[in-house]
Amino acid sequence: MTAVDFLRLDLPAMLAAILACGLCGLLGSFLVLRRDSLLGDALSHAVLPGIIAGFAITGARAGLPMLLGALAAALAGVFLISLVRRVARLESGAAAGAVFTSFFALGLMLIEATGARSVDLDLDCVLFGQLESLVWLEAQGFASLLDPAALAALPRQIFLLAAVSIVLAGVVALLWRPLHLLCFDPDYAAAIGLPARGLELALNLMVAAAAVAAFEAVGSILVVAMLVCPAAAIRLLTDSYRAQVLGGAAFGAALGAVGYALAGPLPAAFGQAFALNAAGVIGTLGGFTVAGAMLLRQWRSAAPKPVAISG
Amino acid sequence: MSFGYNTLVVLAGCALLGLACGTVGAFALLRGRALMADAVGHAALPGVVLAAMLVASFGGNPRALPPLLAGALVAGVLGVLAVQALTRGRRIREDAAIAIVLSSFYALGVALLSYVQTMPQAAQAGLGKFILGQAAGMRAEDALWAGGIAAFCVLICLALFQRLRAACFDPDYARVMGLSVARTDLALLGLIVIVAVAGLQAVGLVLVVALLILPSATARLLTHRLPVLLLVSASLGALAGALGAAASAFQPEWPTGAAVVLVGAIFFTLALLLAPERGLLPEAWRRTRRRIAATESHFLRAAWEAQEAAGAGPGTAGDRWTPIAALAAARGWSEPHAARLALWLGLRGLVARADGEIHLTPRGAAAARRAVRAHRAVEHHLLGLGATDIAGADRLADLVEHGLPAEMATRLLAEPSSLPASPHALGPRP
């Protein structure tokens, strides 16, 4: 494989994987700490009808209408989940399950009803993720990395992911302390006058934005995996808030890079003819790392502790 | 498509699967385990793909359903075990464990699926239908299987009815009675795995969890009694299955799973809006009616007290008309608001109106007397307790008097037959 091939075929996909996984890993810690992990599952499914509706209304696979539609659907989903939880007196998981499956089913129907499927909105990219379809054909060599004209031809999903990542990282940095309190002691946070409900809404919005940005590039299921796996693995290994949140992001990004390499480039480098679905490999790797973290934790607690000597 | 033999087979199969899912789903929801079906459904994918690869490598027909479902079953059980292993340390909660298992198992399935597509045999053919469901491909023997599974699940649920009920509503009692909750939970998990796997071919692995949650959540909105809830949940599941399959039989491009789930979602939405006790609209209607009744009684009491302040009682020789403006001042209402209330009460025959003045009709006077009595009974009671001062008693009584039945007011009064005097001056509110 030549450098140009790498730049053309692998770099954009790898970049998308790293950005999407890092972004989800960053937000995942808050979900895991707040015992709200299924929100990622719910939102990444619930955005489907919004994306299809945005596509159907404008008739183009343009970024902004689909993004707005997805955000609207995610907000409606969050609102309906809390409404269903209150009125039907369901636990939050079951309420989310009732709402997101209905939304997803509606989205599937809309795909058929609007004829979106026949045009270019591929259901496979929702179900499996289509990292492999992100290519950068304008790349001529490493010099292209400094060439604005060539860079502008990068797949638009990467720009979207990068923009959302920067904004959300900024928001997390701004809300660092309040989010800390919200995760560990929401009652205290409310007592000292923090707008707990507003923060929750902001968190939901951030997860929705991440799900929307990552959805098209990596598929809904990888969003779920990356929202929960890196954060859960880190949760097993540390009690520090800073290590949890930053570690989740870094670990997510690393999983994206390693998983992508394992899926295609590495087998190819060893002369294997097959390439696996990258999103699938990254998600599988996420599951394995949680299992690994579990074993590491058990091994740590089984190891003899230093005896404290008093006196 | 006409309603031929094939369509009927598909309808029957989907209805039976819906029945089984509705029955098991009711207990799963009550025990807080409904989302386990989500984990099982997604976890089934690698099992299905591996089974197809195995069958193909032994030269069998990779489209044959039984080995694929067996693979799904094994993978589903592994998924449940993985969730339990992850939650054992209590560091990872069940919600996170379910999300981890469903996403990473599914991701493994996706990776395997992409590998299978590079294999020479057509092993991947027909695997996609497990993701979104494709009931149209159901054959008579599949429907028979569905019927058998439904019968099995319903029988188990009936046989374990007491244990399941105890585990859902009062696990402590169950333990005291010597019923092992852990074993009941295990049986319930087994049932969830079976119905989730059986439901795969009809609704697909993404949506199978809806078939467990939606009918039982709908039933919960409609009833408090467990036997009724089971019956409603099972029949709604069956109905959703049949109607959804019928819809996708008429519109073959509609995915069956989505159609079934949308029918279930429509039932749930209707129940959410209209359920007599818990529904949003009946609740809003009840609240509005209470508010109107309270406002009515405030108006009538103001009319009565205006007469009293003028030194005359309704029905006495000094009975006279009261300006609506005076009532508005007494209650602190705007005049148009008071005029609208007067119009409304006039329509109900409780007041007579003329030239911006009102007069209580005999029926209105009786209602007003009841309102005044309740108000003063509460006022005097609160003052007797020393709970508040005179102005506070008036305001507090406004809040609590409306639910007070006449007998209760009588019991609060020292002299039951009489109408006590107001503890405070009557007239415009400050």
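Helices α2 (residues 36-57) and α3 (residues 65-88) of chain B have axes that come within 6 Å and cross at roughly 135°. Helices α2(B) and α3(B) are therefore oblique to each other. Angles under 35 degrees count as roughly parallel, over 145 as roughly antiparallel, 65 to 115 as roughly perpendicular and the rest as oblique.

This is a predicted model: local features need pLDDT of at least 70, side-chain atom pairs count only at pLDDT 80 or more, and totals for chains, interfaces and linings use all residues. Residues are numbered from 1 along each chain as its sequence is written, while chains are lettered from A and ligands numbered from 1 in the order in which they are written.

Helices here are DSSP runs (H or I, at least four residues; strands are E, at least two), numbered from the N terminus. Axes are lines fitted to C-alpha atoms, for helices over the stretch in contact, and angles run from 0 to 180 degrees between N-to-C directions.

| Pair | Axes come within | Crossing angle |
|---|---|---|
| α2(B) and α3(B) | 6 Å | roughly 135° |
| α14(B) and α15(B) | 9 Å | roughly 115° |

Helices α14(B) and α15(B) are therefore roughly perpendicular to each other. I324(B), A325(B), L327(B) and A328(B) of α14(B) make the contact with E335(B), A338(B), A339(B) and A342(B) of α15(B). Two residues are in contact if their C-beta atoms, placed from the backbone, lie within 7 Å. The α14(B)–α15(B) contact holds seven nonpolar residues, no polar and one charged. Ala, Val, Leu, Ile, Met, Phe, Trp, Tyr, Cys and Pro count as nonpolar, Asp, Glu, Lys and Arg as charged, and the others, Gly among them, as polar.

In the other pair, α2(B) residues including M36(B), A39(B) and V40(B) meet α3(B) residues including P67(B), L68(B) and A70(B). That contact has 20 nonpolar residues, four polar and no charged.

Further along chain B, just after α16(B), G386(B) takes a positive phi of about 70°.

Now the contact between the chains. Chain A and chain B give 46 residues each. On the side of chain A that touches chain B, α4(A) gives the most, with 12 residues. That side divides into 29 nonpolar, 12 polar and five charged residues.

Chain A itself has 15 helices and zero strands. Its C-alpha atoms fill a box of roughly 70 × 50 × 35 Å, taken along the principal axes.
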